[in-house]
Amino acid sequence: MDEHSSDRRNFLGKLGGAALVALSAEAAWASLRFARAPVSYGPSQRRNLGHLDRFVSSRVYVGDAGLFVGRDSKGLSAMSATCTHLGCTVREAAEGGFVCPCHGSTYDEHGHVTGGPAPRDLSHVRLLRDVRGNLIADLSQTVPGEARLQVG
Amino acid sequence: MLNWLKSIWNSLWRVGWPRDERASVKAMLSSLLLHLHPPKIRPESLKFRATWAAGLVSLVLALQLTVTGIYLMFYYIPHPDAAWRSMKDLAFVVPLGTLTRNAHRWAAHAMVAIVTVHMLRVYMASGYKGSRQANWVAGVALWFLTLALSFTGYLLPWDQLAYWAVTVGSNMAAAVPLVGDHFRQLILGDRSVGESALLRFYVLHCVALPAILFLIVGFHLFRVRKDGGLVVSEHAPGGGRGDEGHKLVPAWPHLVYRELIVTLVVTATLLALALWLQAPLEAEADPSRTPNPAKAPWYFLGVQELAHYSAFWGGVFVPAATLLGLALLPYLDTHAEGVGRYLPKERRIAQALFAALLLFMAVTTVVGTLFRGPAWALMWWPK
Amino acid sequence: MKLPVWLHWVFALSALACAGLFGYALLCDAQRPAQFQQRLVPELAVVDRCELCHEAPKHPKWLEDSHPPERFGCTPCHGGQGYATSKDAAHWASSDWERPLRTPAEQAAACGRCHLGIQPPVPQVAKGRQLLASKGCASCHAIPGVPRPDFAPELSGLRDAVSPDFVRTWLTDPGKLLPSHRMPTFRLQSQQIEALLAFLWSVPGPALAPLPSDLSGDGERGKKAVAARRCATCHRIDGRGGEVGPDLALAGMKLQPAWIYTLLLDTHRLRPHTQMPGFQLDRQEAMDIATYAGEDWLADSGVAPWKQREAPVQPALAEQGKKLFGELGCAGCHRLGGPLGEPIAPALDRLGDRLVVDLPKTSTGTSQPDVPSWVALKLQVPTAFDQKGAMPSRMPTMPGLAPADALAIGTALASLRAQPLPAGYLRNHDPPERRLPAGETGRLIDRFRCLVCHTVGGHGGEVAKVALDGAGSRLNRAWIESFLQSPVTVRMNQAERMPVLGITGAQAQQLAAWLQGSQGDDRVPLAQAPTPTADLLQRGAALYAKAGCPTCHVAAGSGTMQGPTLDGCAVRLQVGYVQTLLTMPELVPAARHTGVQLSPGDAAAVAAYVLGLPAAPSP
């Protein structure tokens, strides 16, 4: 009898203990799921850069989108101003090209790395035009540096 | 290697799993959480009828409210433009958001009820006499803080229910003579419930009041321990004094295990409630549209019912007098008879007085909650 | 001492219950995607997740272009709960969400939140707003954007004008006397009517001019004068005529000749707010018309003529009537020798915020699908929502309100909400503000009530087809002056409509100067007639025929009389106007020149030909 109830105590204790371990695991998993933000209230990845008429000179900086919009004979291109090292915003250097103020990475005017810790060239993003003649940049899509949006 | 890991484990716990009485006493004394308990306790304190587990359940609920509250804070934005939207996000897109909010809401309601029950039990057992006078006052403060936490938390969803409950509630405060309006503007930060009120209530609810609450809880538990645990009847073996001549049991595992079980039962109940009972969220707060009737949360409806008769006498004087009376109780009722027993013959008058107060609170709350319709008119059929 | 076994049971079971319930919660949540797409419009506080299920909204292109979803979202027009991620929660009302998807009428009302003004491009709302104005709703209810009307007759001195029997019949059933009446019916009991009558009889009006004893009226002459003055433009006479003023058939049974005589001679003293112009008549003519109008035209109507005056009223009854007059809100429409009364009915400034479930139910307990149809029912059966034991509704029944009209009014009212939208979303569809000259010219325009029939800058009545805008660039000053003094139509096949107001030469000069000075059209240049060479005239005549002008106009005795006769039009029309109209048909839409568009050279030739036409010999 004593033997019997002792066994039962042990079993129930272990069962409950296992349930507590499972509960902890569930709580940890739930915390991870809960904490991952499911919606974004940040600005859209598709940015309206303004009417095409704005972009006539060879390079226009659009600060709120963090883009250099370039224009050449083939059309428009948009280069990200975000340094590929740690994400600071690069500036146009006095001697041409771009320089990052944080750790001194330098790029030429096509965004190729010319010095400093930057691991990659500056990226280019996709440009679109909407029905009202506005230039739209899709920050979620990168394109090769040669890609151009043709303009009439 | 295994030994090395074992040494890390042992450094954490210092004492191994206690297998005899000596080890259990040592464990109780050396662990941060466990040392709040006495190493040995009277066996009758373990009985359900001794405590109704009300104090422990209150504490467990307070902890669960802290945990769920912290989770909610990840998504909650205390600004009128975004507060209600963040509640909708919790309801529709945040994984387990509804569960978290429901759990927080039902735990809050339960805590108000359980803390009141705790106070009632301590009163009936005369647990406020002798060296326990100050601890009763701390308990009254905790009861008041629980209500204040509920009230401040009630505004945060920024829905019609919240907005108007708090508008009504804060206007009751304004009925205090001379300083009432000043006091109302002090808590609202403005002339009406708005941006600053929301921020103030948020800070009070999430930081200031919980911090004060847990400080007082620490004091409260410390005093219980120092006053020799639960009150015991003078007729019981040991006579409520000292430990001599009476068989004590080690708190580990007898008390700790029971506490764990109570925690689990409360958690399971709360989970079930949160899964199957939805916390309401009405339309976004609209200062231009008052719902009819605008009701405070249920535990304030007794006061609101009284305030319906007179804003000052019902809304301010009676609650303030009740609170003051409760706080002063141990210094007014100093007879030592009947300690540690429920409904002792020696305390008929005190019991009757308290029962009358309780009945009065219950009746006004029930009337205010169920039998008041639009324009606070009596309805004979609860809606 | 060991722990009891049951305690272990409780421990194991409660731990299992916790783990199980939490696991169940996690399982329920497992299907939820980690990321949700949503459409944000911060200005409108819109968070719409409709596109989780509705992939590409199917809107017509014009709508997509004018209301791009990135600027308008979904729920501002369609309603429903944008936050929701489940079908039921998104579409239907629940305890957590009061406003389900909008009904078609509610959607039209939603358009009206941005499209303000009297002519929004939303037919339902436009119709509703125009009805709100024309039915006089704003007399009793304060309605934002709807002006208070002022078209009901002054009631002071009513006893001098009409017979009590007329008032009784009118208050019981105005349709019996005047099918096109605008006054709503108030469901009055005869005792209430007697009280109102007693009160109205106790309020004196301006003194009447005594009928001159030296003159005697002649009904026959009066009848001719009524025709010559073109009263029928506004009044119905013998079943024909306009509806601006009351049917003159009523005059005979209700009005006493002295009152008519005073009205004709001193219109605006007796009736300061009437739409009737102040005719400038002599006493004899006024006497003749009063005699004619006062004849008993409807002997068989059952209404006793004014002559049967009744005994003086009892003060107690008059006091009762005064109270009733106030309670019914009569003063909202009718003046009583002073300003209009305050609106007595609830303001309707936020009807769109109301939920139809919170509005009163009908006595049979049925509820309406939306606020517009609730309003429609209220308009058609004002007592529909009366509760047993409560005060019955005082709202009168509107005459001639079709169900579609009632719904349009409901739709227009449901577009009124308390919370303003950002200014960038609002479009005002009101005509520009009305500006009339001050001084003598303004007094003349008011005296002759020009704007009852003509519009200026989008304001005014549309009895006359001719807007006064641009008239100064179209017409010669001398012609305007002579037209004002003795108006004759330029469209041969149409009845003479412009009333003969008796405008004097000096007054006509003043008005013509105003038209020429300030009602010009910038698109019309001042031009001199070119020297009419034979060549030019010949070319003009050929082009005139080729362009199809004779289809509408009479010239040199041939053509049809759709449009104005062109013989002798040089007296009337300015050279620059004719030339411009021929090159720019949209210049005057009322001219209906659409499709006739000539080159400037051709236009000059046709203008030279047309303006060179001699006046036709008077028959």
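The points that follow treat a predicted model, and they go from the chains to the sheets, the surface patch and the salt bridges.

1. Chain B. The secondary structure of chain B consists of 14 helices and two strands. Its radius of gyration is 23 Å, close to the 21 Å that the globule rule gives for 383 residues, so chain B is as compact as a globular protein of that length. Buried residues account for 48% of the 383 residues, and among the contacts in chain B between residues at least 6 apart in sequence, 77% join residues at least 24 apart. The accessible surface of chain B is about 19,500 Å², and 70% of that area belongs to carbon and sulfur atoms.2. Chain C. With 27 helices and 10 strands, chain C has a radius of gyration of 33 Å, whereas a compact globule of 619 residues would have one near 25 Å. Taken along the principal axes, the C-alpha atoms of chain C fill a box of roughly 135 × 80 × 40 Å. Of its 619 residues, 46% count as buried, and residues 24 or more positions apart account for 67% of the contacts in chain C with a separation of 6 or more. Carbon and sulfur atoms hold 59% of the accessible surface of chain C, which comes to about 31,500 Å².

2. The four-stranded sheet of chain A. In chain A, four strands form an open sheet with antiparallel pairing, in the order β5-β6-β7-β8. The strands β5 (91–92) and β8 (113–115) of chain A stand at the edges with a single partner strand each, so one side of each is left without a neighbour in the sheet. Two bridges join β5(A) to β6 (residues 98–99) of chain A, and these two strands run antiparallel; within the pair, Arg91(A) stands opposite Val99(A).

3. Strand β10 of chain A and its partners. Strand β10 (residues 134–143) of chain A pairs in the antiparallel sense with strand β1 (residues 46–51) of chain A over five bridges, and Asn48(A) stands opposite Ile136(A) in β10(A). Strand β9 (residues 124–129) of chain A is also antiparallel to β10(A), with six bridges joining the two, and His124(A) stands opposite Val143(A) in β10(A). The strands β9(A) and β10(A) form a hairpin with four residues between them, and Gly133(A) in the turn has a positive phi of about 80°.

4. A nonpolar patch with residues from chains A and C. Which residues make the nonpolar surface patch of about 470 Å²? The patch is made by Phe11(A) and Leu15(A) together with Trp9(C), Leu13(C) and Leu16(C). Helix α1 (2–35) of chain A and helix α1 (5–29) of chain C each supply at least two residues of this patch, and α1(C) gives the most, with three residues. Trp9(C), which is found in helix α1 of chain C, counts as partly exposed because its relative accessibility is 41%.

5. A salt-bridge network with residues from chains A and C. Over all chains, a search of the whole structure finds 31 salt bridges. Arg33(A), Asp29(C) and Arg32(C) are linked in a network of such bridges. Is Asp29(C) buried or exposed? With a relative accessible area of 5%, Asp29(C) is buried, whereas Arg32(C), at 21% relative accessibility, counts as partly exposed.

6. Salt bridges within helices. Asp181(B) and Arg184(B) meet through their side chains in a salt bridge with an N to O distance of 3.5 Å, and both residues lie in helix α9 (residues 180–188) of chain B, three residues apart, about one turn of the helix. Asp181(B) is partly exposed, with a relative accessible area of 37%, while Arg184(B) counts as buried at 11% relative accessibility. In chain C, the side chains of Arg477(C) and Glu481(C) meet in a salt bridge at 3.9 Å, N to O; both lie in helix α23 (residues 477–485) of chain C, four residues apart, about one turn of the helix. Here Arg477(C) counts as partly exposed at 39% relative accessibility, and Glu481(C) counts as buried at 17%.

Key. Residues numbered from 1 in each chain as written. Chains lettered and ligands numbered in written order. Heavy atoms only, no water. Pairing = 2+ DSSP bridges. Patch = residues over 30% accessible without salt bridge, like charges linked within 9 Å, V, L, I, M, F, W, Y side chains within 5 Å. Areas by Shrake-Rupley, 256 points an atom, 1.4 Å probe, with all protein chains shown as cover. Salt bridge = Lys/Arg side-chain N within 4 Å of Asp/Glu carboxyl O. Buried < 20%, exposed > 50% of the residue type's maximum accessible area, 1.4 Å probe, protein only. Rg over C-alpha atoms; globule rule 2.2 N^0.38 Å. Contact = heavy atoms within 4.5 Å.
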